[in-house]
Amino acid sequence: MSRLALVALGAAGALAAAIAGPLHAPAQPVQAESSPPPPPAGAKNGEAWAWTQLVNGASHTTEIRFATTEQPSGQCPTAQYRQAGQTRTTPMRKVSDPYITAGGLQQFPTTLCTLQVPDGASNALIEPSTTNAATVHPGNLQLPLPRWPVTGRPRRIAVIGDAGCEVASPVAGSPANQDCLKAWPLHTLATHAAAQSRPDLVVHVGDYVYREQPQAANDASAGCNAQGQAADWGCLVKDFLRPAEPLLGEAPFIFARGNHEVCTPGKVGRGAEWFRYLATVPRKDNECYTLPQPQVEPEQINAGTLHFVLFDSSAADDGTQPNNAQASLYAKWFDEVNRLAANHPTHDYFLITHKPLWTVKQASSTAVTWTNPTLASGLARSAQKALAPNVPLVLSGHLHLYQMLDFVKSTRPPQLTVGSSGTTLDTAPDDTKVMGKTVDGQTVDNSISHDVHGYALLTDRVGKWHLAFHDSSGTALPPDCTLSNATIEGFTCK
């Protein structure tokens, strides 16, 4: 979205020009809520990344996040945004200082700052004079805020997932490792999605970093080139922030937690990375490992009159038989999803769960193999034994393919799986062998699968959601599908 600006530090003349630009010439006087001291004098240094994401806020839905490696650490910049005809200047709040691990290594060499932005605000930017960072990203100088009105909803939603470069073997050049230089399309996808689809909102359904053996990647670079750095800040930048930069500069994000973001006791895992940078409530250090509950209960995220419910399925059992203990927990969580949906029965609620309830992995002429029986069993054990009628769509990833699955004359919502945005792809099933088969007790109507890198685009056209899959070049692949607004759930595709 070209509605905000994030000013990267550069020459004094460039800064002066940026400050004199239209976003800094409000009709009303600037309101300075406080006047923090400028950063300590000294040479500009380090790198900062800023982005906006939707969160579970009572009085706001949008948050600016700013992570910087600048020294001295511990400094937070101020941000500006326009609201009610005035420009407001507000200091960002420090959430965490750099985290030093055993042996003096910095797993997270960043100061993380946040700012809650009121609904209806626009034109956000970081004050360049209040940060020592030599470079601030995204490079297109934008900090996007919602374009939709509080009483409306986003018109274009891009869905991506499972987007990192898969480096599973410690042996450089191993066929188990993805070619990160030539066969990892995330940056290309992000560039074309931002420029051609122009989403108002991006939903990432989870799994951000796939470099289990970063030293063996054929694009390894300082900060993400050693086994001990697999869960460090440098690999989050390498595998997600840098290649996704065009989208980060185009639209706010909703971030879901995937199985790559679990907390694994006794290990330095990416759960700590998740909770520090991307969770709706960021935490400091490695608090991931001391949380009383390793999974997070369902959270509602509002996008005007469209609502999302984050369902943390990061640790859900992938077995072919239900995990009864997990299913009992998830039953309570599905009750909570339905309770949230009952708050606004005429609004759409999209369920986001990294691991899908119903996605077909393989198909033969006689049967199909699908995932995830544990989650599906949890839903069957809930009070309603189904999702509420105003939950018309489930968004997921985990399997490395694209698939839309709906069911014959069913009140079950369609399952949209988008795990195809960067990592090594799975082989998609033959859709002709999926349609008409039974998945979790219901007959499949439409099955549209692609083992092609890309993203999904949901477009609101006169109150109806249209769905299309776009490859990494931004080209839409047929068919175009329209989501039903009726009691019977499903898509009509042509």
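A disulfide here is a pair of cysteine sulfur atoms within 2.5 Å, and by this rule the count comes to five disulfides. Please keep in mind that this is a predicted model, in which local features need pLDDT of at least 70, side-chain atom pairs count only at pLDDT 80 or more, and totals for chains, interfaces and linings use all residues. Residues are numbered from 1 along each chain as its sequence is written, and side-chain values use heavy atoms, with hydrogens and water left out.

| Pair | S to S distance | S-S torsion |
|---|---|---|
| Cysteine 76 and cysteine 113 | 2.1 Å | -90°, left-handed |
| Cysteine 165 and cysteine 180 | 2.0 Å | -100°, left-handed |
| Cysteine 263 and cysteine 288 | 1.7 Å | about -135°, left-handed |

Let's start with cysteine 76 and cysteine 113, joined by a disulfide. Cysteine 76 sits in the loop between strand 3 (60-68) and strand 4 (78-83), while cysteine 113 belongs to strand 9 (residues 111-118), so the pair ties together parts 37 residues apart in sequence. Helices (H or I, at least four residues) and strands (E, at least two) are DSSP runs, numbered from the N terminus.

Cysteine 113 is buried at 0% relative accessibility; buried means under 20% relative accessible area, exposed over 50%, and partly exposed in between (1.4 Å probe, protein chains only). Cysteine 165 and cysteine 180 are both buried too. Cysteine 263 counts as buried at 15% relative accessibility, and cysteine 288 is buried with a relative accessible area of 4%.

Finally, with the bonded cysteines numbered in sequence order, the pairing reads 1-2, 3-4, 5-6, 7-8, 9-10.
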